[in-house]
Structure formats: structure tokens, C-alpha cells
Amino acid sequence: MKMRWILPALISAVVLSGCAGQTPPPPPEEALIVVGISQVGAESDWRVANSESMKAVFTESSGYRLLFEDAKQKQENQITAIRKFIQQKVDYIVLLPLRETGWDSVLQEAKDAGIPVIIADRMVDVADESLFVAHVGSNFRMEGEKAVAWLEDYARFTGKETLNIIHIQGTMGSTAQIGRTAALEQALKNHADWTLQIRLDGDFTQAKTYEEVKQYLSEQEVPPEIDVVYCENDNEAFGAIQALEEAGYTCGEGGIAVISFDATRNCLTQCLNGKISLAMECNPLLGPLTAGVIRILESGGTPEKEHYIEERSFTKETLTEEMIAARLY
Ligand code: AHR
């Protein structure tokens with residue numbers, strides 16, 4: 001076990017905070033906790049904020065050495081990164097998995113090497129749950145259920161008897177896609193008067209969604225009636241809105257209700273402007289929660305297996321300029 005630096009450093013930081021102009025000395029290199037993070041990529045505004053949150057927490061001044069690998073949306077790159085972390089003998093591996101399946105072997109390798117793995121953001125589907133020590137992230141199914149509950153209210157208040165829905169899915173097989181899709185699927189089963197017009201794969205990106213929606217609309221002989229676009233993240237919503245508006249549709253008040261997940265600042269601005277009807281939050285600021293798990297492990301404790309982050313939803317009625325200005329992402 002390495003001599004850990006965090007506690008003494010915190011104490012000296014507190015002591016020294018009374019001494020003007022003095023900052024605590026940096027920890028010696030060999031005392032740093034080495035954390036290897038395998039990130040999905042940079043496909044969305046959410047993902048960028050998520051990477052920043054991790055990088056802001058795992059700093060040398062806080063006692064960490066961070067090895068950060070961007071997988072550029074490829075699971076094989078994530079597997080390679082984990083193997084590299086094992087060779088580098090990191091103290092902890094943080095995996096933000098692209099999709100749920102395909103991790104058993106590489107996580108077994110990490111376990112055999114004695115390196116605890118923390119899963120962040122999406123979940124993994126592994127036969128042996130002891131392959132990871134904890135998961136920190138969102139309850140994606142619950143996010144979907146909250147969005148669907150809002151849609152039920154919307155249908156009631158607007159008196160719409162039928163709803164024609166376009167569904168833009170995120171990266172297939174990711175927990176975010178699985179949970180949000182499952183909630184809508186269940187709602188479609190519950191409401192015979194809700195029609196799924198088309199399901200498109202937006203892969204959580206603005207560019208792909210724009211192309212998919214544009215292509216779909218161009219293939220229709222008559223412009224389809226669209227009441228709702230259920231986008232599984234903000235960037236998909238931005239791409240869908242662009243394609244729909246170019247085709248002559250109105251999004252927001254008096255037009256198509258756009259539902260979006262993430263609730264980044266740009267989305268909230270469009271929500272306040274009335275273009276996005278529901279912004280369902282997915283909180284990317286997972287750095288502090290992840291570091292919290294590591295602190296528990298460092299002190300010899302056993303962290304809870306599941307840590308869901310708090311999330312809420314926003315509509316034009318519940319938003320203010322001040323809330324958007326205070327938004328960290
Ligand atoms: O897994 C979280 C999802 O992935 C976010 O909703 C999305 O924006 C990101 O790409």
C-alpha cells in the first residue's frame with residue numbers, strides 16, 4: 001500500500017490557509033493515487049462537461065495522477081485503454097462504458113491484477129458483479145419515465161387525443177439509450193392513441209440526427225404530421241430541430257413538442273425560448289462522486305454499489321435567465 005498523501009495534504013492546506021501567500025507543497029510523485037479513466041469520446045456537450053468534471057477533480061494538487069484515454073466512440077479502444085492501465089499498474093480504473101455488454105474479460109483482467117474498477121455514467125452488463133466496485137451515474141430509465149409522465153400531462157392539457165411521435169435513439173446498447181427507449185416503449189404500449197411514426201438512430205450526435213431526420217422527411221410523399229420528437233440527448237434535439245425547421249415545421253409552442261435529455265445550458269436557453277418543451281436533466285458532473293468512492297476505498301471502507309446522481313426536469317415555466325447563467329455546463 002502506498003503512503004497516501006490526501007489526508008496530510010488536506011490538514012496542511014487547512015493550517016496553511018491562515019498564512020497569506022503560502023500554498024501547500026505539491027505531493028511527491030510516488031505518493032499520488034494513479035487513476036486511469038477510459039472515456040467514451042466527445043460526442044456531445046454532456047460528454048465534454050463530464051470529462052471536464054473528471055479532470056477538475058483528479059488533479060495533482062488533490063493527490064492524484066490522472067491517465068485519461070478518449071476512446072473516440074470505439075469500445076475496442078476502451079478495452080485497449082484498460083489493458084494499458086493494467087500494465088501501468090494504476091491504483092484505480094474508472095470506466096465510462098460506451099455500451100453495456102462486452103466487458104467481462106477485460107474487467108476480469110483488471111480484477112486479477114488487483115485493480116478496483118469504478119463504472120461511471122452508463123452501466124455494464126457483466127455476469128459477475130464483483131468485477132466492479134461501484135457505479136456512479138444516472139438512472140436513465142427513471143429519466144425516461146419522468147419525460148413520459150410529462151408527455152402524458154402535455155397530451156391531457158393540450159387536449160391532443162392522438163400523438164404522432166418521432167423517436168431519436170442514442171448510441172445503441174448504451175444504458176442511456178436502453179433506459180430512455182424502454183420508458184417510451186412502455187408508454188406506447190400504455191397509450192393506444194400514441195403512434196410511433198419512425199425510430200431513427202442519432203448516436204447522440206447533432207450531425208447524425210440532422211442527416212437522419214432530413215433524410216426521413218425527404219422520403220415522405222406528403223409532410224407527415226408530427227406532434228412530438230423524443231430525442232435521447234440535447235445534441236440530437238439540436239440536429240432534429242434544425243432539420244424540421246428547414247422542412248417548414250415549427251418546434252415548440254404551437255408546433256412540435258421537442259423532448260430532450262441532458263439539459264445543458266444551450267438546451268435550457270432553447271427551452272426558455274420555447275423551442276424545446278421539456279429538458280430532462282442528465283447530470284454530467286460525476287467527478288466528485290467518483291472521487292468520493294475512491295476516498296472510501298482508500299480509507300479501507302466499502303462503498304455503496306450504486307450511486308445515482310440527483311436530476312430534475314425543466315420547462316419554460318420553471319426556468320429563469322438566472323438559472324441558466326448559473327448552470328455549470
Ligand atoms: O450516457 C450519458 C449520455 O451520453 C448523455 O445523455 C449524452 O449526451 C451522452 O453522449
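Reader: Which residues are around the ligand?

Author: This is a predicted model, in which local features need pLDDT of at least 70, side-chain atom pairs count only at pLDDT 80 or more, and totals for chains, interfaces and linings use all residues. Residues are numbered from 1 along each chain as its sequence is written, and side-chain values use heavy atoms, with hydrogens and water left out. Counting a residue as near if one of its heavy atoms lies within 4 Å, the residues around the ligand are Glu43, Ser44, Trp46, Arg47, Asp121, Arg122, Phe140, Ala176, Arg180, Phe204, Asn233 and Asp262.

Reader: What is the distance from an oxygen atom of the ligand to an N or O atom in the side chain of Asp262?

Author: A polar contact here is a pair of N or O atoms within 3.5 Å. For the side chain of Asp262, the distance from a ligand oxygen to an N or O atom is 2.5 Å.

Reader: Which domains each supply at least three residues of the shell?

Author: Domain bounds come from an automatic or database domain assignment. At least three shell residues come from each of domain 1 (32-137 + 284-298) and domain 2 (140-282 + 315-325).

Definitions and conventions:
A polar contact is a pair of N or O atoms within 3.5 Å; within protein, one must be able to donate a hydrogen and the other to accept it, and residues adjacent in sequence count only if both atoms are side-chain atoms.
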